[in-house]
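My entries follow in the order in which I looked.

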Protein chains: 4
Amino acid sequence: MIRLNNDYCFGAHPNILNALSSFNSESNPGYGLDEHCKEAAESIKNICSLQNADVHFVVGGTQANLTIISSALRAYQGVMCVKTGHINGHETGAVENCGFKIIASEGKEGKIKSEEIEKIAFEYAESNIKEHMIEPKMLYISFPTEIGTIYTKKELEDIKKVCQKYGIYIFVDGARLSYGLAGEGNDVTIEYIADISDVFTIGGTKCGLLFGEAVVITNDELKKCFRHFIKQKGAMLAKGWLLGIQFNEIFKDGLYFKIGKNAVDLALDIKKAFVKKGIKFDSDSPTNQQFVILSDSQLEKLSKKYFYEYERRFDDKHSVVRFCTSWATTKSDVNELISDIMEL
Amino acid sequence: MIRLNNDYCFGAHPNILNALSSFNSESNPGYGLDEHCKEAAESIKNICSLQNADVHFVVGGTQANLTIISSALRAYQGVMCVKTGHINGHETGAVENCGFKIIASEGKEGKIKSEEIEKIAFEYAESNIKEHMIEPKMLYISFPTEIGTIYTKKELEDIKKVCQKYGIYIFVDGARLSYGLAGEGNDVTIEYIADISDVFTIGGTKCGLLFGEAVVITNDELKKCFRHFIKQKGAMLAKGWLLGIQFNEIFKDGLYFKIGKNAVDLALDIKKAFVKKGIKFDSDSPTNQQFVILSDSQLEKLSKKYFYEYERRFDDKHSVVRFCTSWATTKSDVNELISDIMEL
Amino acid sequence: MIRLNNDYCFGAHPNILNALSSFNSESNPGYGLDEHCKEAAESIKNICSLQNADVHFVVGGTQANLTIISSALRAYQGVMCVKTGHINGHETGAVENCGFKIIASEGKEGKIKSEEIEKIAFEYAESNIKEHMIEPKMLYISFPTEIGTIYTKKELEDIKKVCQKYGIYIFVDGARLSYGLAGEGNDVTIEYIADISDVFTIGGTKCGLLFGEAVVITNDELKKCFRHFIKQKGAMLAKGWLLGIQFNEIFKDGLYFKIGKNAVDLALDIKKAFVKKGIKFDSDSPTNQQFVILSDSQLEKLSKKYFYEYERRFDDKHSVVRFCTSWATTKSDVNELISDIMEL
Amino acid sequence: MIRLNNDYCFGAHPNILNALSSFNSESNPGYGLDEHCKEAAESIKNICSLQNADVHFVVGGTQANLTIISSALRAYQGVMCVKTGHINGHETGAVENCGFKIIASEGKEGKIKSEEIEKIAFEYAESNIKEHMIEPKMLYISFPTEIGTIYTKKELEDIKKVCQKYGIYIFVDGARLSYGLAGEGNDVTIEYIADISDVFTIGGTKCGLLFGEAVVITNDELKKCFRHFIKQKGAMLAKGWLLGIQFNEIFKDGLYFKIGKNAVDLALDIKKAFVKKGIKFDSDSPTNQQFVILSDSQLEKLSKKYFYEYERRFDDKHSVVRFCTSWATTKSDVNELISDIMEL
């Protein structure tokens with residue numbers, strides 16, 4: 001069976017594993033206060049052209065999200081998010097369980113529109129019963145989005161303008177950042193993400209690491225006592241250097257970006273095959289996740305050789321499924337899939 | 001100035017005030033463990049034809065809502081609600097601050113549709129990644145709704161069917177119950193509300209009391225340690241008998257229902273005047289709240305004599321405002337408004 | 001039966017009830033934005049010699065406590081409190097349920113000692129693993145305490161010094177403030193309480209009102225968006241003017257202080273009788289609550305005519321019970337008790 | 001420098017690292033639903049002689065603790081714990097931040113006494129104002145304790161009796177379980193821990209793994225929807241099989257127990273040296289942590305070659321510090337320390 005259902009079904013990129021092994025018998029101070037974490041933080045700041053950012057490392061994405069949001073907001077403030085946002089639908093209400101409202105908006109192609117933000121922020125700003133309402137104080141966007149799309153530079157500029165107007169923090173969830181940056185037609189750099197965000201994450205788990213997400217805080221207001229929040233939320237890894245080592249390694253020689261490029265190229269090959277075959281997509285994704293609409297018989301055929309992720313029924317005879325490449329996907333597996341697609 | 005902006009801008013119905021005065025020098029056990037509360041609870045159970053319900057009294061509506069929801073749900077469960085639901089937009093995120101997700105749905109005319117509930121419940125029931133999702137375990141509906149509409153018996157039957165199918169609790173917020181029951185064309189009784197609910201409230205604050213909401217729990221699963229939750233949430237009144245006395249009084253000789261009838265009759269008189277004048281409504285309400293769309297010049301004229309509640313801009317030249325009657329509204333005030341409407 | 005078990009077993013002082021009645025048919029804006037609340041706030045500021053305080057009114061004490069603490073602290077901060085503190089033992093974990101740790105300290109005679117505060121604050125200040133610990137950021141003290149004792153000016157000065165040194169907010173719970181100020185030997189004024197506090201409450205429920213606690217915020221840092229917290233916690237009374245009217249009335253002609261004086265005088269008469277009889281006390285209280293240690297046979301006799309509050313077993317043959325006076329206690333009831341005590 | 005400050009300052013036992021490497025290119029389903037986790041769970045159940053337990057794996061100890069407690073308790077229930085308990089002092093209020101009160105008790109030698117539990121439970125059980133109090137529903141104990149001591153079988157039996165009497169869940173935190181079981185004079189087996197607990201953890205991070213704690217739930221009441229809680233709290237590892245692989249490996253050929261034995265033997269050698277030298281201890285620990293009271297000059301000497309953990313000032317001239325062995329400690333390092341101790 002060839003596993004193309006997600007981008008976290010294999011261990012780590014060999015370089016990462018080697019790095020972890022080579023430092024295994026080195027002793028280190030705990031809780032992320034070691035030299036590896038410091039180095040990795042410096043490396044990330046350099047890559048993002050940041051002077052003053054705080055960089056922290058946590059194990060997982062939900063941890064990163066709930067810690068960031070809990071730390072940034074007061075109880076009467078909430079976070080805006082497109083309906084399909086990961087925090088809204090697939091983290092078991094983690095944000096609400098921390099006490100914060102998610103203000104979900106319809107969006108389009110998995111992206112929230114600047115006008116939607118404007119509308120929500122304006123309604124609050126103009127209200128004369130503000131104390132009965134949640135102040136929309138943070139915006140959560142994913143780059144790339146949960147359905148594989150990416151914001152254009154123009155879209156992010158418009159969003160930034162609205163957020164500045166209303167004093168709204170921008171939080172970019174980069175769980176799949178390497179794949180977004182490598183997206184076909186992408187006109188956004190990691191420096192740009194860093195520049196428009198108040199806080200953002202750089203995903204490791206899905207991009208070559210065994211595990212780990214880097215939290216980069218660029219807004220001074222969000223830096224205070226962040227490590228208290230990490231610990232309180234159970235997100236502080238005792239052997240924190242394991243995260244530092246991995247992030248250090250992944251940014252050597254641009255490995256993080258190469259991984260993204262390679263996976264996206266393979267995903268687009270798969271996409272082309274589906275297009276050629278006249279098969280429709282649930283979203284038009286230029287990144288490593290491809291959401292296709294397949295008939296029951298097509299699925300039956302493919303399911304014999306491939307793991308894909310089942311998303312949902314589309315109609316009587318079709319379903320939406322995901323094919324997903326990663327740093328671990330091989331050209332030969334993809335070629336096999338392509339020829340099987342052409343046979344459908 | 002004539003105050004028609006809401007239904008809680010006067011003190012209490014004279015009978016209520018008299019009752020409070022007459023018991024002022026009587027000593028009582030605290031925290032709702034007195035005879036007045038017991039009597040009021042019995043009276044409510046009789047009126048609702050309930051045998052086994054638990055009845056509690058709290059001071060306010062937000063208190064009632066957050067206590068009920070916190071008590072009924074576990075952390076991984078959430079409450080469904082129409083977008084315009086009071087808990088979703090006007091309680092400063094109280095429910096989320098207690099840790100629970102509100103699953104907001106579009107609805108129609110302020111009412112959630114049984115198909116929407118079915119869709120949300122089905123998505124969870126069918127999911128193979130349930131642990132990443134919030135279980136939709138409770139439904140919150142308001143009777144009447146926040147925009148003055150009322151559910152028909154047929155609608156409630158359909159809702160009940162879906163909820164039973166998926167094991168979803170029904171919570172009816174009756175903050176304005178007396179006005180809903182008196183609604184034009186209403187085909188639902190208080191017994192019926194009691195019958196289909198797992199828990200519901202009977203609003204006092206807006207219906208003749210100084211303050212107070214009765215919480216009626218009919219489902220045994222929701223009864224356990226409810227008083228612990230009341231206390232923990234700060235919703236336990238030290239001199240609890242003040243609530244018992246008021247609820248006792250309001251149900252004597254059907255006063256609660258008469259109050260509703262009278263206010264709705266006056267509201268419908270106002271409505272007719274607006275209709276006659278060709279003025280449009282933002283919602284078609286058969287109850288004590290009328291949401292009308294008035295031009296800036298019309299508003300300017302009316303604002304000289306009347307307090308109404310400003311809702312929001314409708315377009316360049318119009319806004320939505322609310323005129324609201326209550327137990328305290330007089331026929332003469334309403335007649336004055338009607339003749340002023342006819343002059344617009 | 002004569003009810004001396006607590007100070008909240010009767011309605012309101014007649015002046016209060018009259019005031020409420022006289023404004024019953026006056027219409028008012030809701031949620032505490034009315035003129036009565038404004039006036040009452042001004043009156044409180046005058047009495048406390050405060051220029052810049054924010055004054056809010058809520059219905060109950062637990063509400064006041066949980067709202068104040070939730071508003072003042074961030075998630076990684078906690079509140080220090082003596083073990084017998086009301087928030088620690090008798091509010092069903094309300095503070096923790098809002099997410100905050102109570103750091104309970106042994107204390108002496110119901111009072112926390114400045115050295116205890118110093119010790120807790122020092123331990124945190126000196127720690128090199130602060131992020132694993134809760135920052136002690138607020139001190140909660142009750143005046144008078146839960147066991148009837150009162151802090152001396154000297155004690156409060158010492159406490160203030162430590163709190164200033166470590167940047168700790170002082171929150172004085174004045175649920176029974178009038179009785180504390182009237183305490184025998186008390187050398188503290190309401191202005192002094194206001195001066196050393198960052199936030200404090202003036203209790204109404206137990207001191208002549210039907211219900212109501214005033215929250216007085218003197219530290220600017222604690223003022224921001226407090227009304228959002230009030231609403232979110234369900235502590236915002238729709239007909240807020242009911243609180244304004246009552247607090248306005250209770251401070252007219254020093255009524256609040258007279259009530260305290262009268263009740264304490266009566267309590268001390270009771271105390272003297274017990275002393276004369278050689279009966280021991282569980283705490284040496286100069287205020288309206290007297291905690292006495294009575295034998296089973298003594299209790300049996302008194303229980304025929306008096307309600308007292310049972311506290312706990314003291315030993316095989318004795319229990320601790322509370323006799324409590326209030327604004328409503330009469331001289332004749334107390335005299336009757338005294339002669340019965342002398343007969344024990 | 002020789003690092004003896006804690007038991008989590010090195011990577012993983014070589015067997016663990018090898019196992020992780022060998023499965024690196026194997027694809028697996030995510031979130032702990034893989035075969036490695038299943039196998040590891042079976043292995044744990046066998047070792048503990050459990051038939052019906054649920055076994056889950058999370059990355060860290062604080063995660064395990066907050067997830068277990070949040071899942072087991074309702075909002076009005078709390079967890080008892082000795083003052084020095086890890087959840088009480090070193091998890092940044094994680095439990096309270098989840099909404100739950102910790103009822104801290106003085107204890108003795110780091111252990112809570114059955115009489116203390118009885119007292120707390122009895123006070124609640126006998127109270128006639130239960131709804132104002134937190135129900136003590138869970139007991140948290142650590143084996144070994146935070147100061148290196150261990151409960152005897154007799155102590156655990158007494159505790160179990162009280163907990164059964166009052167319906168209190170027992171949660172044993174086994175973050176250092178291997179060192180506790182290997183403790184000098186220990187008369188408790190892992191089966192016994194499993195038998196008396198309703199839920200317990202088996203620590204990996206400090207006992208040879210890179211990271212990871214196993215949660216073993218033996219009481220059916222605590223099993224429901226536990227994976228929902230894991231996900232909501234951010235404690236679900238995407239590549240869950242990394243935990244399964246490690247726990248599988250550590251229980252092969254009794255490695256987990258050998259690791260404990262070896263570290264404890266070395267710690268006791270250190271202890272003997274200090275004893276011989278007449279140096280006093282802050283607690284009498286039979287396990288891998290030794291808390292010694294050293295003078296400033298002694299510390300200065302040792303600090304040139306050794307990392308120890310500074311605990312706190314003891315008096316003017318002495319401090320308490322920890323020397324801690326682990327699976328990674330070598331005989332030669334310990335011997336060097338011993339000869340340096342003898343030179344002090």
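These entries go from conventions to chain contacts, domains, strand pairing and the sheet.

**Conventions.** I note that this is a predicted model, in which local features need pLDDT of at least 70, side-chain atom pairs count only at pLDDT 80 or more, and totals for chains, interfaces and linings use all residues. Residues are numbered from 1 along each chain as its sequence is written, while chains are lettered from A and ligands numbered from 1 in the order in which they are written.

**Chains A and D.** I looked up the contact, taking two residues as in contact if their C-beta atoms, placed from the backbone, lie within 7 Å, and found that 38 residues of chain A and 38 residues of chain D take part. On the side of chain A that touches chain D, the elements giving two or more residues are helices H1 (14-22), H3 (61-72), H5 (94-97) and H10 (226-232) of chain A; helices (H or I, at least four residues) and strands (E, at least two) are DSSP runs, numbered from the N terminus. I sorted the residues of this side into 15 nonpolar, 18 polar and 5 charged, where Ala, Val, Leu, Ile, Met, Phe, Trp, Tyr, Cys and Pro count as nonpolar, Asp, Glu, Lys and Arg as charged, and the others, Gly among them, as polar.

**Domains of chain A.** The assignment, whose bounds come from an automatic or database source, gives domain 1 (2-7 + 255-343) and domain 2 (14-254), with C-alpha centres 27 Å apart. Their contact takes 21 residues from domain 1 and 25 residues from domain 2 of chain A. On the domain 1 side, helix H12 (255-276) and strand S9 (289-295) of chain A give two or more residues, and H12(A) supplies the largest share, 10 residues.

**Strand pairing in chain A.** I followed S9(A) to strand S12 (residues 318-324) of chain A, with which S9(A) pairs in the antiparallel sense over 7 bridges; strands count as paired if DSSP finds at least two bridges between them. A:Gln290 stands opposite A:Phe323 in S12(A). S12(A) also pairs in the antiparallel sense with strand S11 (residues 309-315) of chain A over 5 bridges, and a hairpin joins S11(A) to S12(A) through 2 residues.

**The sheet in chain C.** I traced an open sheet of 7 strands with mixed pairing, in the order S2-S8-S7-S6-S5-S3-S4 (chain C), whose edge strands are S2 (54-58) and S4 (102-105) of chain C. Strands S3 (residues 77-82) and S5 (residues 135-142) of chain C pair in the parallel sense over 5 bridges, and C:Gly78 has C:Pro136 in S5(C) as its bridge partner.
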